[in-house]
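Open the model in your viewer and keep the selection tool at hand. We will go stop by stop.

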Amino acid sequence: MAEPLSPEAGALRPVAGALPPEVGALRPEVGALRVVDFGLSSPLRSQTLWHAIGFGVSAGAPTTLSFTRPAAPYVCLGYHGALDDVDQEYCRAHGLPVLRRMVGGGTVYLDADQVFFQICLPAQAVPPVRWRALRMLLEPAVTAFRAVGVPAALDDDLEICVGHRKVCGHGAGQIEEAVVVCGNLIQRFDHERAARVLALPGPAQREQTLALMRRFVAATPVDPAAFQAAMVSAYAAALGLRAVPGQLNPVERRTVADLDDKFSSEAWLAGPARPLPAAGTDRPARRVKVRAGVWTLASEHDGAQVTASVVRGTVDRVRLRAGGSDWPARQAELAEQAVTGIPWGSVADVLADFGEPGRRLAAAFAAAGPGAL
Amino acid sequence: MGALMGQPARARVAGFELALDRRYQPETHMWVLPSGPARARIGMDPLGIETSGTLAQLSFVPIGTELTAGSPFGQLEAAKFVGPLISPVSGAVLAVNDAVVRDPGLAERDPYGAGWMIEAGVTEAGVTQARRTDDSRGDVTGARAGLLADPAEISAWFAAKVADYRLKGVIAQ
């Protein structure tokens, strides 16, 4: 990989109030929370720098809170994300790199209006149960949001929200013997582009996805320096550690170079092997998770096509096309009206009143869920 | 590791169904069951599933990968958290369960059957060796390497683990 690691990479950059004197001052015996602010990074380095910290902490480096902000926009897949879910042609045409991270979560559009944070600590230091570990490692971020005036809360789905809107994306994972949880401060969010980079079967799902993103994902335009300072205080206090400015150690620096190569490779970008659809089954439904409990989906069965928005288990909007039949448009409208606003589990019963086209549409609905919905 | 004949032995232990026809790795909640000459299926027990949360994604290493006990044979994602699936045995991966990759919920609905994860080439000697490394083990809830084989020992470990998790509020009463 040609991108050099500058000598100052990983050195602590000034973060206003990043190390409040009271943090750890009364507990000199406590361990260190290394704080690393990478500042602006290339899209690639905005991922590989903190992944390297994961390997470093696994090898014995101290618990670390790090920050970075991508210098240019890009698209990032979660570890298990399908590359085909990204509109790669659009991304190429608009100069958007596509990267894959080692931690979980969905496909996201990232740009310089977002400050990334990562908390990384030894796996043995977190509860073995995932939701407990996540709660433990996200609650300090909530504290930081509140400290800068954002009335955030960690909801039952472990998402950081203000009201019904998610204000912070997150992902988590275990890198060797370290656990990392990452998230972001979204100062401005380009909903349109976040919807546009996704590969979707048609404009109806894109329009519905954009509408739900606008409704359920919000930016919090607070001062990033104040937010980072609040984050340092909150994580140091929560973990009982003393915040100390730090930088990458030599092993981590070498790991960055290795990860640059890995993350730039086609094999890594392709992601884990996934089996072909079982023979004789419908084309898999395309589902887009906007936030927990909020989805759009496009599904078909025997010519019947469903495009729907599902919010907390209820059909919020729907577009139905029976296809291959002489089903009058008025019938489609009536079916759409009948299905809108009802629980997902009642859809088949309602569509049963619409004859053979209704049964095919019900099968298309069934093919899209309900597992992840 | 002798193959069992007839109906698999199941018991209800602390509110969970527990299959007693296989071996268990207590720390990782992985089970190992002979599935043919010198091969065994590997899956996760219901307590491991429960503490992972709702499974969103599973992925496995390619067939042919040589595993060593304690190394990852795949990744599990739940609650946006990706973590390794740790092999309880050493051996080559001979098969992966595509059905559970397509539908990770299978591992929740049928953890001992259709929700199996991989098959590995594993010998009795290999498993016995893994067991022998565990001779210094402590209490039955302990985090340690090695495989439990005795049904009474498995039941005691599982019951103690459930009680421990419930005491800590990790799982519901």
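How many residues of chain B are in contact with chain A, and how many of chain A with chain B? Select them: 21 residues on chain B touch 26 on chain A. Bear in mind that this is a predicted model.

**Stop 1: the interface**

Stay on the two sets of residues. Together, chain B and chain A bury about 2,100 Å². Carbon and sulfur atoms carry 57% of that area. Polar contacts are here too: 10 residue pairs across the interface, both residues at pLDDT 80 or more. Now colour chain B by element. By type, the chain B residues that touch chain A split into 9 nonpolar, 7 polar and 5 charged.

**Stop 2: strands across the chains**

Select strand E10 of chain A, residues 170–175, along with E9 of chain B. The two strands run parallel and are joined by 2 bridges. Zoom in on A:Gly173; its bridge partner in E9 of chain B is B:Val82.

**Stop 3: the salt bridge between chains**

How many salt bridges link chain B and chain A? The count is 1. Select B:Lys80 and A:Glu159, which form a salt bridge with their closest N and O atoms 3.5 Å apart.

**Stop 4: inside chain A**

Over all chains, the structure has 22 salt bridges. Pick A:Arg34 and A:Glu252: their side chains meet at 2.8 Å, N to O. Buried or exposed? Both A:Arg34 and A:Glu252 are buried.

Next, go to helix H3 of chain A, residues 130–147. A:Glu139 and A:Arg135 form a salt bridge here, at 3.5 Å from N to O. They are 4 residues apart, about one turn of the helix. A:Glu139 is partly exposed, at 38% relative accessibility. A:Arg135 is also partly exposed, at 25%.

**Stop 5: inside chain B**

Finish with B:Arg39 and B:Glu119. Their salt bridge brings N and O to 2.5 Å. B:Arg39 lies in strand E5 (residues 39–44) and B:Glu119 in strand E11 (residues 118–121), 80 residues apart. B:Arg39 is partly exposed, with 28% relative accessible area, whereas B:Glu119 is buried, at 7%.

Technical notes: Residues numbered from 1 in each chain as written. Chains lettered and ligands numbered in written order. Predicted model: local features only at pLDDT ≥ 70, side-chain atom pairs only at ≥ 80, totals over all residues. Heavy atoms only, no water. Salt bridge = Lys/Arg side-chain N within 4 Å of Asp/Glu carboxyl O. Buried < 20%, exposed > 50% of the residue type's maximum accessible area, 1.4 Å probe, protein only. Contact = heavy atoms within 4.5 Å. Buried area = accessible area lost by both parts, 1.4 Å probe. Polar contact = N/O pair within 3.5 Å; in protein donor to acceptor, adjacent residues only side chain to side chain. Nonpolar A, V, L, I, M, F, W, Y, C, P; charged D, E, K, R; others polar. Pairing = 2+ DSSP bridges.
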